Amino acid sequence: MDVAPRPPDRGALGRALSALVPAVPFLWLAFFFLVPFAIVFKIALSEPATAQPPYRPVFDLSQGFEGLREAFSQLSFYNFTLLLEDSLYFSSFISSLRIAAVSTVLLLAIGFPIAYAMAKAPERWRPTLLMLVILPFWTSFLIRVYAWIGILKPEGLLSALLINLGLISEPLQIMNTDTAVFIGIVYSYLPFMVLPLYATLEKFDYTLLEAAEDLGCPPWRAFWRITVPLAMPGVLAGCLLCFIPVVGEFVIPDLLGGSETLMIGRTLWSEFFSNRDWPLASAVAVVLLVLLVGPIVAYRDIEARRWEKAQ
Amino acid sequence: MSMAVDGRRRGSLAIGAVRRDFAPWADPGAIPLIRFEQVTKRYGEVTAVDNLSLDIYEREFFCLLGPSGCGKTTLMRMLAGFEAASEGRIVLAGQDLSGVPPYRRPVNMMFQSYALFPHMSVERNIAFGLEQDRLPKAEIADRVVEMLRLVQLEPFARRRPSQLSGGQRQRVALARALAKRPKVLLLDEPLGALDKKLREETQFELMDLQVKLGMTFLVVTHDQEEAMTMADRIAVMDHGRIVQVATPGEIYEQPASRYVAEFIGDVNILEGKVIAAGEGRCTLAVADAPEPVSVAGVAEPLSPGREVALALRPEKLVLTQEEPPPHTPNVFAGTIWDIGYLGDWTIYLVRLASGKTLRVSRANVTRFVERPLSWDDKVFVHFAPEAGVVLTR
C-alpha cells in the first residue's frame, strides 16, 4: 500500500509557534485598531462633562457589576443624532469630500504625466527621478506646509516674483482660500499619486502601443484605449492613497485655508480642543472612519473581481 | 515560363524546391511592391542598416535572415514606420513612405512578443484594427469570425490572451495582423517562442496561408531552417548589409560568399589556389589534398594563381571503406575521428593526413548496415566536380 509521506513532525511547540505566525497581524490589528476604535466609539456614546476625563459615564470596575451596568445604561446615540441635526457637520463632511475629490482629480492630472515620463525615461535615470519624488519626505511635512505660507502670502515669494515679472500689479490674494488648500494638498500628496502610478507604468509593455499604432490607432487614441485601462490598478491605488487621507486632512486647511474652508478634520479638532466636547468629536471620528472604509471595501472588491477574471 | 526568366534553373538543371511560374524577381518588367532605395539607419555612431537596396515583389514570401544585430529587425521596423531612415527612402506600391506615421501605413506586423492586448478578449483583439478604420459593426463581426475560422480559434473567441497557450496566442497575433488585409504582412521572429514540433507545423501553415490569401509576407528570422522552409527568397544580412538575395536553393547550393556558406547549413571550407580555369571548370591546388582538385559549375571567371575557398556540403561528400576505383576525381584518405548518430542522418568527422577534419553526413536509408563504420576506421572521401563551390569572397 502506498503511504503518502507525512510532513516532518515538528512537535507540539513547533506547531504552536507556526499557528502563532498568522496570529501576529491579527493581534496587531486587535490592539492597535479594534481596541482604540472601541474606546473612541464608547466615548462617542457618552456625554460631555466638566471633569477629568471630560465625559460621562466612566467605566469604574471598583463599583462591581452593578456599577458597570449603570454606566452602560447611560450610553446613548445622542451625539450621532446631533451630527444629523446640526448642518455644520453635514456641510463639513460634504466640503471635505468635495475638496478631497477635486484634489484627487488634480493629483491624477498632474501625477500621471510625471509617472509616465519617469517610466519612459532612460533606465539609468529612473532611480534618480524616483529619489527626487521621495526627497521631500526628508523634511518635516509641517515645515513644508509652513514654507507654502511664505510663498503664497500677499507679500510672499510668488507675488513678488509675478510683480517683478510684470505679470500682475496687485499682490495675489490666494493665501487663506480654497486655492491655497488645493495647492498645499496637491504639493503634499503628489508622491502618493506618482509612486503607485509609476510602479504600474514601469511594468507596462510599450510594444502594445506600437501594436495599436500598427493596427491604425493614432497615439492619442492608443493612450485612452491601451495605456489608461492597463494603468487602472495604479490609478485606483494612487487615488485611494490620496483621497482617504485628504478627507481627514487637518494641517493643510488649518494653515493655508481661510475661515470659510470647511473640512471635517478642522471641525473635529475644534470640537476636541476648543469645545472640549470629546463625545461629539469621537462621533465625528467614527462617522469619518465608516465613510472612508466604504471606498476601501469597494476597491478591494474590484481588485478581487479583477483577480478572479484573470484566473 | 522560359528558362531565361527562371533564376533557379541552370541549363536543364534546377536547384531547391521550385514554386512553378512564380519568379517575379527574374522578370525585368515586374514592378516591385516594396523598394528599399539606398536606405541607411544610424543610431549615433552605430550604423544598423548600411546603404541597403532591396526589391520585394507582390505575393512573395520574403525572409530577412541574419544573426542578431545584423539590422534585419531595424529594416522591418523602418517599413512598419517605427523607425525613420537616416538616408534613402522606402517605397510601397509606388508611395514614398517617408513621413507616413505607422498608423497610416498599409502594412501590419506580427510582433515577436505577439503584443496582444491583455485587457481585451481574443475577438476584441482581432477587431481592434478594424474598429480603427470605423468599419460598420456587422462587417467587423463578420471579419472577426472569418479570421477566427482561418486560425481555428472559434471556441476561444471570448478568452483573454492570458488564458491561451503559446501556440494559440501566436494564432491570435496572426489573425489580428491579417484582419485588416494589409498589402504586406510583417512577421518578426514569428515562430521564435514556439517549441520545435509546433514550429515545424506552423511553418507549413504559414506557407499555406500566404498562398491562400495571395498576400506578401516579410519575415525576419535568425533561424535558417525557418527561412529555408518558408521563403520564396531569402536576403542574408550581415552588419547592416545584404550579402546575398536568392532563393533558398541558390543560397544553399550557390552561396555568394564564405559568410553565407557558413551561416546556412554545415559546410567544409578548404583553402586553395587556382591552377587552371575555363568554361565553368577549374583545377585547384588544395593544401589538404595530395592531388589537384577539379571543380565544375564555376560561376565566375578565375585566373590561375588566385587564392580561393572551396565549399563542400557534408551530404555531397561520399564516404567509402574501399578505395574508390582509379581515375575517381577528388579522393581524400583519412580516418574516422568521430561519429554523431542523429537517427535520420549520421555525421562522420574524418581526419585527413593534413590534420584537417572533414564533416561528412550520410542518410540512414536502411535500418541495418552490413559493415558499420567505427572510430579509427580507415576511409576514403570523394566528391563529384559539381559538388564543390568555389568562393572568391
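Analyst: Strands (E, at least two residues) and helices (H or I, at least four) are DSSP runs numbered from the N terminus, and two strands pair if DSSP finds at least two bridges between them. The model is predicted: local features need pLDDT of at least 70 and side-chain atom pairs count only at pLDDT 80 or more, while totals for chains, interfaces and linings use all residues. Residues are numbered from 1 along each chain as its sequence is written, with chains lettered from A and ligands numbered from 1 in the order in which they are written.

User: Which way does strand S5 of chain B run relative to S11(B), parallel or antiparallel?

Analyst: S5 (residues 61–65) runs parallel to S11(B), with four bridges between them. B:Leu65 has B:Val236 of S11(B) as its bridge partner.

User: Why is strand S11 of chain B called largely enclosed?

Analyst: Five of the six residues of S11 (residues 233–238) are buried, so the strand is largely enclosed by the rest of the structure. A residue is buried if 20 or more other C-beta atoms, placed from the backbone, lie within 10 Å of its own, exposed if 12 or fewer, and partly exposed in between.

User: What makes strands S4 and S7 of chain B the edges of their sheet?

Analyst: Four strands of chain B form an open, antiparallel sheet in the order S4-S3-S6-S7. Strand S4 (46–56) and strand S7 (95–96) each pair on one side only. S4(B) pairs with strand S3 (residues 34–43) over seven bridges, and B:Tyr43 has B:Val46 in S4(B) as its bridge partner.

User: Why is chain A described as more spread out than a compact globule?

Analyst: The radius of gyration of chain A is 26 Å, whereas the globule rule gives 19 Å for 311 residues, so the chain is more spread out than a compact globule. The radius is taken over C-alpha atoms, and the rule is 2.2 Å times the number of residues to the power 0.38. The C-alpha atoms of chain A fill a box of roughly 90 × 80 × 35 Å along the principal axes. Chain A has 13 helices and two strands, and 27% of its residues count as buried.

User: What are the corresponding values for chain B?

Analyst: Chain B has eight helices and 22 strands, and its C-alpha atoms fill a box of roughly 80 × 50 × 45 Å. Of its 393 residues, 40% are buried.

User: What makes a set of residues in this model a nonpolar core, and which residues have the most contacts inside the largest one?

Analyst: A nonpolar core consists of buried Ala, Val, Leu, Ile, Met, Phe, Trp, Tyr and Cys residues joined through C-beta atoms within 7 Å. The largest has 112 residues, and B:Ala175, B:Leu186 and B:Leu310 have the most contacts inside it. Helix H4 (residues 166–178) of chain B gives the most to this core, with six residues. Domain 1 (9–106 + 182–261) and domain 2 (266–391) of chain B each contribute at least three residues; such bounds come from an automatic or database domain assignment. Apart from this core lies another, of 48 residues, including A:Phe112 and A:Tyr189.

User: How far apart are the centres of the two domains of chain B, and how many residues does their contact take?

Analyst: Their C-alpha centres lie 33 Å apart. The contact takes five residues from domain 1 and seven residues from domain 2, where contact requires C-beta atoms, placed from the backbone, within 7 Å.

User: What makes up the side of chain A that touches chain B?

Analyst: In total, 14 residues of chain A are in contact with 18 residues of chain B. Helix H9 (207–214) and helix H10 (219–247) of chain A each supply at least two residues of that side, and H9(A) gives the most, with six. By class, the side of chain A has nine nonpolar, two polar and three charged residues. Here Ala, Val, Leu, Ile, Met, Phe, Trp, Tyr, Cys and Pro count as nonpolar, Asp, Glu, Lys and Arg as charged, and the others, Gly among them, as polar.
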